[in-house]
Amino acid sequence: MFQSLIDWLDRLGPRLYAAFLEGDRWRLYLEGLATTLELTVVALVVGVVLGVLVAVIRTAHDQQRPGRRRNPILGILNVICKIYTTVIRGTPMLVQILIWGFVIFASSRNKFMVGVVALGINSGAYVAEIVRGGLMSVDVGQSEAGRSLGLGYLDTMRFIVIPQAFKNILPSLGNEFITLFKDTSLVNTIGLTELTYRASRIAGVTFDYMPPYIGIAIMYLAVVIILTWFQGKLERRLRQSDRR
């Protein structure tokens with residue numbers, strides 16, 4: 001058994017060399033990781049902007065005072081937002097990416113843009129529910145206090161409600177960022193040269209799939225550990241500020 005292990009390690013060396021060192025292939029992995037991180041950040045920005053907009057519309061609709069005439073425009077926007085979140089959350093991300101890449105933007109060569117749109121719109125639906133839950137968790141009296149001070153609805157949300165809700169939704173937003181980072185691996189199906197795509201191409205050249213895929217799994221895990229550490233540190237800092 002010990003001899004078998006030695007033989008396996010002897011065979012592993014050339015496989016690792018072919019997957020990572022031959023032809024400076026390690027550069028391809030780093031380029032793919034850079035693309036993955038860039039895609040994650042840009043898509044998250046799109047998702048947060050879209051999610052906050054949807055959450056504010058739905059919260060404003062739900063918090064309309066009973067007994068008063070409801071705003072018809074707000075009602076229409078609320079229905080559109082409901083349809084958006086239901087469709088996006090009710091269909092697989094991979095299917096959405098394929099539709100964006102091969103149906104809606106079939107003639108586009110800008111795969112990065114397609115990936116941002118697909119991931120950003122998908123993330124926006126989940127961020128919307130996260131933010132909406134955070135906004136609804138803030139006591140209604142806070143909004144009424146802002147109105148009594150002469151602030152409009154948007155200013156009340158911006159200066160009073162959203163800062164309080166942010167602390168409540170931070171863990172969920174952090175998890176969404178981590179999930180989005182891992183889900184970027186799905187855009188290799190439309191030809192975007194991110195980390196998983198690079199590993200697949202290298203494996204296709206070397207005809208050895210174990211080293212590239214194990215290698216990128218370790219890279220994904222390392223980034224997730226770092227992101228989780230930063231998230232935990234930020235949460236602890238916010239808790240300390242609350243105590244003060």
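Biologist: Which exposed residues does the face of helix 3 turned away from its buried side carry?

Modeller: Happy to look. This is a predicted model, where local features need pLDDT of at least 70, side-chain atom pairs count only at pLDDT 80 or more, and totals for chains, interfaces and linings use all residues. Residues are numbered from 1 along each chain as its sequence is written, and side-chain values use heavy atoms, leaving out hydrogens and water. Helices are DSSP runs of H or I with at least four residues, numbered from the N terminus, and exposed means over 50% relative accessible area, buried under 20%, partly exposed in between (1.4 Å probe, protein chains only). On that face the exposed residues are Pro72, Ile76, Thr86 and Gly90.

Biologist: Why do the buried residues of helix 3 line one face?

Modeller: The buried ones are Leu74, Asn78, Cys81, Tyr84, Thr85 and Ile88. An α-helix has 3.6 residues a turn, so residues three or four places apart point the same way. Taking directions from the helix axis to the C-beta atoms, the buried residues of helix 3 line one face because they fall within an arc of 125°.

Biologist: Is aspartate 208 buried or exposed?

Modeller: Aspartate 208 sits in the loop between helix 8 (195-206) and helix 9 (210-243). Its relative accessibility is 16%, so aspartate 208 counts as buried.

Biologist: Which side chain does a polar contact of 2.6 Å join to that of aspartate 208?

Modeller: A polar contact pairs N or O atoms within 3.5 Å; within protein, one must be able to donate a hydrogen and the other to accept it, and residues adjacent in sequence count only if both atoms are side-chain atoms. The partner side chain belongs to arginine 15.

Methods
Helices (H or I, at least four residues) and strands (E, at least two) are DSSP runs, numbered from the N terminus.
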